[in-house]
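Trainee: Could you walk me through this one? I have not looked at it before.
Mentor: Gladly, let us open it and go piece by piece.

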Amino acid sequence: MEIVHISAECYPVAKVGGLADVVGALPKYLTKLGHLTKVVVPGYDTKFSRENEFVSVHQGLLKLGWFQFSYTVFKEKTNKLGFELYLIAIPELFDRPNVYSYEDDTERFTAFQVAFLNWITETNQIPDIIHCHDHHTGLIPFMMSHAPIYQHLNRVPTLLTIHNGQYQGWFGFDKLHYLPKVSSSRLGFLEWNGMINPLASAIKCAWKVTTVSPSYLDELSEKANGLENLLRFERPKCLGILNGIDSEVWNPDTDEMLENKYSIKNAKVGKAKNKKFLCEQFNLDPSKPLFTFIGRLVDEKGADLLPEICSIALNRNPNEINILILGSGDPYVEHGLTQLTHFYGGNYNTYIGYNENLAHKIYAGADYLLMPSRVEPCGLNQLYALRYGTIPIVRRTGGLKDTVLDIGDGGFGICHDHTSVYDVNHSITRAIDLFNDTKQFDSIRKTIMQIDHSWDKVAQEYVEVYQSLKNN
Ligand code: GLC
């Protein structure tokens, strides 16, 4: 099959969150299964696009209302990521360092989607499947099904994966003229609550909708930032497929970013070496349990509670624990976390920013990973932590609920029900007790490192979905 993934992010080309990791990995595993897999992302000004070789494969023009842009499609020369990578360059809109958060994001991502459809139209490509990710590519199923200029694509099956239903990309009907002409009878397929809503539109128009975990799909019927009724109505065509991880990138035995590589066999010694190195770098005590949080400092992840969680834990257990936080986001939270370094130096530290390399080192050196998320569609960090022998402490929600079972229930993690300071601190207390029970701690570490969340298995599930759409 020929499968085209279209997305705003793809690791290592452009990454903000887990979306990039999925789009950078699933296609590689689909290629391994023998399918021609292409990934299409905007041509941002990122390190990857500057440092790799591309060839121009197509040039064209696109109209966005009264604006006209020229676009160029570049293909990465060697398929070094394990799939065909295409960047659509529209310099006025994408020749910038960041992926999101510009005032003209509506124009940027609408133009990207129109350019994509123009490109495949002008070059007579009819893929077997077009797989869209999140709202940034959510207008594609609508345009393919309802815009007469793309009529030749209306038999190509489309699939939408919802990685995060909170963000929907809505904009006013005053910008309807950005889209190709459609009959007014079709406008209902774009609309939700009086706005053009790309995520809602994709849920309505895509042939199939997947979420990144089964529990998240259930939760969306109750809590989907206004789309609950739509998701309940479209439920028959929805399916929850748990994400995998790229077990080639995330393998402590081969990870070039680590000071000391290790496997299950020498996990205890290997992790201790990584911990020592990390603790030296951040002025922490390697003999104490090391708790960490890695990720975006936003409310969705429960990060707003972190300063209070940390100060309570550090007061209650003076000189008994270490905490190391890596992340960036809400300036208020960043400030709160930085302030704590003045009070708890020696037991607490933080790195404000995004640092993929350091993240690997922390998974390798830490004992526990905190994920007090309010919303977690899948969560990849707990899966990375498991692979690296770091015990996850999670709130039972979405993908966290589907992947971490509490020790008390015969499992291997520490779970709590609420995103609250009390719940997380109770879990930290349980974790300290477990740390002191060396035998059980070591045995759990061995158990978690053996759990298989690789894409090898999951990619096959997607292939089955693609196949069923194709045979439709
Ligand atoms: C989003 C979600 C996260 C998920 C990731 C990849 O970032 O918030 O839970 O793991 O997408 O699907």
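Trainee: At what angle do helix α9 and helix α12 pack?
Mentor: Helix α9 (residues 267-281) and helix α12 (residues 356-365) pack at about 125 degrees with their axes 7 Å apart, where axes are lines fitted to C-alpha atoms, for helices over the stretch in contact, and angles run from 0 to 180 degrees between N-to-C directions. Helices here are DSSP runs of H or I with at least four residues, and strands are runs of E with at least two, numbered from the N terminus. Keep in mind that this is a predicted model, in which local features need pLDDT of at least 70 and side-chain atom pairs count only at pLDDT 80 or more, while totals for chains, interfaces and linings use all residues. Residues are numbered from 1 along each chain as its sequence is written, and side-chain values use heavy atoms, with hydrogens and water left out.

Trainee: What does that angle make α9 relative to α12?
Mentor: It makes α9 oblique to α12, because angles under 35 degrees count as roughly parallel, over 145 as roughly antiparallel, 65 to 115 as roughly perpendicular and the rest as oblique.

Trainee: Which residues make the contact?
Mentor: From α9 they are Lys 271, Asn 274, Lys 275, Phe 277 and Leu 278, and from α12 they are Leu 358, Lys 361, Ile 362, Tyr 363, Ala 364 and Gly 365, with contact meaning heavy atoms within 4.5 Å.

Trainee: Which helix does Lys 271 of α9 meet along with Ala 267 and Lys 268?
Mentor: Those three meet Thr 438, Asp 442, Arg 445 and Met 449 in α16. The axes of α9 and helix α16 (residues 438-449) come within 11 Å and cross at roughly 95 degrees, which makes α9 roughly perpendicular to α16.

Trainee: And how do α1 and α17 pack?
Mentor: Helix α1 (residues 18-32) and helix α17 (residues 455-470) have axes 9 Å apart and an angle of about 75 degrees, so α1 is roughly perpendicular to α17. Val 22, Ala 25, Leu 26, Tyr 29 and Leu 30 in α1 meet several residues of α17, including Trp 455, Asp 456 and Tyr 466.

Trainee: New topic: which residues come nearest to the ligand?
Mentor: Of the 13 residues around the ligand, those are His 163, Asn 243, Glu 376, Cys 378 and Gly 379, where being near requires a heavy atom within 4 Å. A polar side-chain atom of His 163 lies 2.6 Å from an oxygen atom of the ligand, and for a polar side-chain atom of Asn 243 the distance to a ligand oxygen atom is 2.8 Å.

Trainee: Where is the cis peptide bond?
Mentor: The bond from Tyr 11 to Pro 12 is cis, with omega near 5 degrees, and Pro 12 sits in the loop between β1 (2-6) and α1.

Trainee: What about the phi of Asn 79?
Mentor: Asn 79 has a positive phi of about 50 degrees, although it is not a glycine, and lies in the loop between β4 (67-76) and β5 (84-89). Most residues other than glycine have a negative phi, and most peptide bonds are trans.

Terms used: A polar contact is a pair of N or O atoms within 3.5 Å; within protein, one must be able to donate a hydrogen and the other to accept it, and residues adjacent in sequence count only if both atoms are side-chain atoms.
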